[in-house]
Amino acid sequence: MISKNFRIFSVSFVASAIIFVFVFLAGCNNYSGRDIKYVFLIGIDGMGISGFERASTPVLDKLVREGAISITTRGVMPTVSGPNWSSHLLGAGPEQHGITSNSWTVDNYSIEATAKDGDGYFPSIFTLFHDQKPDLKTAFFYDWDALPNFYNTRTIDKVEFSKTFEETFQKATPWIMDNKPEFSFIYIGHPDEVGHEFSWGSDEYLKAIEDVDAALGSFLKALEEAEMYSSSVFIVVTDHGGNEHGHGGLSMEEIEIPWIISGTGIIEDRLIEQPNDVFNTASTIAYLFGLQPPEEWIGQPVIGAFKKEAASKKNTRGYAPPPVPSLASGIYTFGEALSFSVNSPEYKVRFTNDGNDPDENSTLYESPLLLLKSTKVKAACFRNGFRSRVANVNFILSKPIHNIDLSVAPDEKYSGSGPGTIADQKMGSSDFKDGKWLGFKGSDLIANIELTKPEQVGAVSVRFLNLRGSWIFPPSNIEIFASVDNEYFKTVGSLSQDRILEKLKTGRNQMKIPLTSSKTKYLKVVVKNLGVCPEGHPGEGQPAWLFVDEIIVE
């Protein structure tokens with residue numbers, strides 16, 4: 001029989017335990033630095049990693065030095081604005097909030113959201129402020145007219161549209177100075193617009209980022225004058241990068257983006273090395289204000305950025321931008337000068353050409369490097385013991401080719417731009433349908449190459465695909481023949497199937513065949529098709545595909 005005193009003790013103990021757990025969990029979701037009063041989320045549309053690192057951005061650089069940056073934050077797919085800006089403020093991905101395109105509205109969608117308010121919206125960070133701390137003010141300034149479609153603006157105290165980013169700051173600055181909202185979201189679409197028009201990486205695109213940086217600097221100066229800066233946390237984010245004139249694809253240039261946080265209680269001059277995603281932004285803001293995220297959110301606070309969190313102790317490296325090479329990796333027919341640039345003189349560039357990553361003892365870059373043969377150069381910036389990511393330049397020097405023809409035509413669906421496709425210095429992607437590959441169904445590639453003059457040829461490299469799931473197989477072997485008169489050819493090099501399989505990897509492959517020839521002007525390169533799909537393959541016995549994109553004569 002249990003005594004009354006024991007029952008009272010048990011009840012008291014359980015009640016105390018419940019209270020303790022509740023307080024503990026509440027504390028885990030609350031930022032303890034109460035000297036913070038304001039949080040500013042600055043959204044710069046289309047500012048990819050490359051653009052941020054190449055542009056001159058002293059204001060953003062200052063925020064990074066005073067805080068922390070992740071350069072491996074992932075956007076959601078598709079890599080377009082609507083799904084990603086939604087995810088930043090909704091604490092979840094498209095699978096939860098259902099926003100999969102820029103045209104989403106509460107009445108136009110394909111995927112049902114896992115939660116909706118009475119107006120049909122998934123809960124945003126604004127919803128949390130409105131429901132849990134209605135005494136705190138929120139503001140939303142923007143210049144993309146579709147952006148408010150993704151949030152219930154009835155939960156926001158101030159919503160203001162502008163036609164340009166300059167006008168956005170002109171409207172936001174005095175209102176914020178006068179009203180001092182605890183949370184403000186300022187969105188700038190300018191770099192994305194310029195990227196679409198002039199291309200990502202263009203001079204115009206970089207200048208767009210620099211112009212936004214300057215405008216942000218004026219805004220931060222106004223906050224300092226209003227004595228708001230020192231009690232603020234700033235989070236600078238973007239939605240996607242880009243390549244050429246667009247985005248929306250699956251490349252790392254599009255999905256990997258910078259994420260900056262700076263201000264009181266944030267680690268200083270550090271690189272956030274923990275994994276990060278765009279839907280963590282809203283959770284981080286909720287953490288700062290002690291707001292309870294809804295169960296539909298999948299985001300987590302970026303606790304590695306906060307001094308008081310143990311996870312931050314693992315972030316011991318500072319950030320340095322990688323040097324920007326003047327040459328891209330690729331195939332060239334003449335020697336070139338390779339130079340490196342950085343956006344600040346405080347960074348020292350060191351490089352190697354022996355295959356090893358550079359360290360603080362590597363050769364200091366002081367003047368352009370003259371590349372007269374195929375060379376792999378690796379370079380990095382150094383600052384106070386911190387090293388940037390490594391910039392790689394794989395310079396491949398190929399002999400000039402006067403003419404090339406094929407003994408067997410490729411399949412008409414995969415004929416590229418004709419025989420010259422395999423000597424146009426344009427390396428194909430892992431997508432065999434990108435127009436840069438020649439595809440042969442069950443037949444060999446036999447390329448007849450004429451150089452511009454008799455040359456000493458030391459090697460020939462062949463680039464091919466290995467995508468078994470698409471019935472694309474590596475060559476069974478490769479043979480090289482040489483002639484000085486285009487009549488008599490002799491074997492000068494080969495690569496057996498065993499050697500090919502030793503070096504083989506899935507996707508793109510480039511294999512070099514050393515030659516034992518003297519001067520030659522004519523080459524015949526035979527890349528043998530496997531013939532049929534091998535035993536055990538779903539296409540067993542059916543014609544195998546061979547895809548080649550470049551033959552490089554060195």
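This is a predicted model: local features need pLDDT of at least 70, side-chain atom pairs count only at pLDDT 80 or more; totals for chains, interfaces and linings use all residues.
**View 1. Lys 207 is partly exposed, with a relative accessible area of 47%.** Lys 207 pairs with Asp 211 in a salt bridge, and their closest N and O atoms lie 3.0 Å apart. Both belong to helix α9 (residues 203-225), and because they are 4 residues apart there, about one helical turn separates them. Asp 211 is partly exposed too, at 29% relative accessibility.

**View 2. Four residues, Lys 158, Glu 160, Glu 167 and Lys 171, form one network.** What joins them? Salt bridges that share partners link these residues together.

View 3. Glu 66 is partly exposed at 28% relative accessibility, and Lys 62 is partly exposed at 41%.

**View 4. A salt bridge joins Arg 154 and Asp 119.** Here the N to O distance is 2.7 Å. This pair links distant parts of the chain, 35 residues apart: Arg 154 sits in the loop between β3 (138-142) and β4 (158-161), while Asp 119 sits in the loop between α5 (94-97) and α6 (125-132). Arg 154 is exposed, with a relative accessible area of 64%, whereas Asp 119 is partly exposed at 32%. Looking beyond these close-ups, the model has a count of 20 salt bridges.

Technical notes:
Residues are numbered from 1 along each chain as its sequence is written. Side-chain values use heavy atoms; hydrogens and water are left out. A salt bridge is a side-chain nitrogen of Lys or Arg within 4 Å of a carboxyl oxygen of Asp or Glu. Buried means under 20% relative accessible area, exposed over 50%, partly exposed in between (1.4 Å probe, protein chains only). Helices (H or I, at least four residues) and strands (E, at least two) are DSSP runs, numbered from the N terminus.
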